[in-house]
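Dear colleague,

Please keep the structure open beside you while you read.

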Amino acid sequence: MLRLTWVQPEDLLGHELRQAALDGREPSRIAERWRSAGGEEAPPRAGASTQQASRYLRTLAEDLLDELADLPSRLKDDEPTDLDRIKSLCPDWPAAPAATATAPPALTTPPAPTRYEAAWLGRAVGCLLGKPVEKLPLEAIRRLAGATGNWPLTTYFTARGVPADLLAAHPWNRRSAATSLAENIDGMPEDDDLNYPLLGLLLLQRHGRAFTTTDVARLWLDELPAGRTFTAERIAYRNLLTGIEPPHTARHRNPFREWIGALIRADVHGWTNPGDPAAAAEQAHRDATLTHTANGVYAAMFTAAVIAQAATATGPDAVHTCLRTGLTVIPPNSRLARALHHAVELARTHDDFDTVVDALHVTHAPSHHWVHAVPNTALIAAALTHANGEFTGSICRAVSGGWDTDSVGATAGSIAALLAGSPAALPDRWTAPLKNRLATSVAGFNGTGFDALANLTHELTSSEATRP
């Protein structure tokens, strides 16, 4: 029996009930109808339940998904998705860099290719560090690392020395262990956290920075295998194939619209707008609204703005300036903004990062799925703050916080490595196993080196073709 993940109505309904409660709607009466009919809760970790629902339950789930979408939200004024409304709520929205007599705004002095190489490597390393423990609960991550003397985290996970009973109770991520444990790493294996930046490069090559959300959709249909999409991206892909157009692709029966998928697509928008966080955020918004709304979009805009600032930032406090800049492009009364302020304050207050993580989990874990953008973005900000942007400290703290470990590690690694400035600034124990080789199903990029990706990113940043 084929049980597809992230698309079956009976599995989506439980996620939508949870999402409705988060975004200011009152779903209790609909939830009671679902449970009274025999409907199950959403699968807690995986993307599909094990048993096929009856035709009645599947039809009921579809109807209830539509009813939930029609419920009014008390948060709609504080959490819009429309860009103009977002900007109207941001009193400190960044000004565009001034043009000079000889140069257009932004892009005046793009970062050197080596800085982009560091960013690509940092993204890959952070992702690889988190891959074996993705989906595992926090306590399992701590015990698995501690069993090999790797807690607090300082290097890649290993199965060597882990007791058999511990591995039986908390097995590694089955898709990733064969390629991401220390003893198995042989180049960077494929991951959606690297596939999407590659697609971002293709997007800018073909359409420039004036691309539309529809251009993103066409690119996906041409270049992204459906089986390589997950959560909100898979729903949007399905919606496109049924004739639904953007931005409705992000809303129709999509309970994952505030999850982390848009955030992991944001790096290229920041890299190619160095020193211009507003342009980076606007670019990320056009990408994100194919699949996400509200806080899912804000997470992408925040990340793109942080990265754009980091691309030209220097100095011992640079990471804190970057994070403050990221906050200027999201609505200040949004759930994400509140979560970020809380996370940064925790990181500033506590010397022990485990204490920070425990507090974040107490705040977010009861109400959020482990892939939701709000807790994961908060964890990234806390890790970068606590480590002061230092590379190893940032990725290890991010992954040690649990939730979507490969994605938070990737984004923290991208930002911290960009601040580090060059591949030489990243420890060899992290980068050498990657062998300057990336595996991917994105056509034309399989086996590409990170140095080549850096050169391409630099060319796109410098090129007139990518300018508005």
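The notes below go through the aromatic pairs and then the charges over rings.

Please bear in mind that this is a predicted model. A search of the whole structure finds 7 aromatic pairs, and one of them is formed by Trp6 and Trp259, whose rings are 5.9 Å apart centre to centre, with 80 degrees between the planes, in an edge-to-face arrangement. Trp6 belongs to the segment before α1 (9–22), while Trp259 sits in the loop between α11 (231–241) and α12 (267–271), so this pair ties together parts that are 253 residues apart in sequence. Both Trp6 and Trp259 are buried, and together with Phe256 they make up one aromatic cluster.

Which arrangement do the rings of Tyr156 and Trp430 have? Their centres are 4.9 Å apart and their planes stand at 80 degrees, and because planes over 60 degrees apart count as edge-to-face, this pair is edge-to-face. Tyr156 is found in the loop between α6 (138–146) and α7 (164–169), and Trp430 in helix α21 (residues 428–431), so the pair ties together parts that are 274 residues apart in sequence. Tyr156 has a relative accessible area of 4% and is therefore buried, and Trp430 is buried as well, with a relative accessible area of 0%.

Finally, there are charges over rings to look at: Arg265 lies over the face of Tyr196, at 5.9 Å from the ring centre, and Arg286 lies over the face of Phe211, at 4.5 Å from the ring centre.

Key: Residues are numbered from 1 along each chain as its sequence is written. This is a predicted model: local features need pLDDT of at least 70, side-chain atom pairs count only at pLDDT 80 or more; totals for chains, interfaces and linings use all residues. Side-chain values use heavy atoms; hydrogens and water are left out. Rings of Phe, Tyr and Trp (its six-membered ring) pair if their centres lie within 6.5 Å; planes under 30 degrees apart count as stacked, over 60 as edge-to-face and the rest as tilted. Helices (H or I, at least four residues) and strands (E, at least two) are DSSP runs, numbered from the N terminus. Buried means under 20% relative accessible area, exposed over 50%, partly exposed in between (1.4 Å probe, protein chains only). A charge sits over a ring if NZ of Lys or CZ of Arg is within 6 Å of the ring centre and within 35 degrees of the ring normal.
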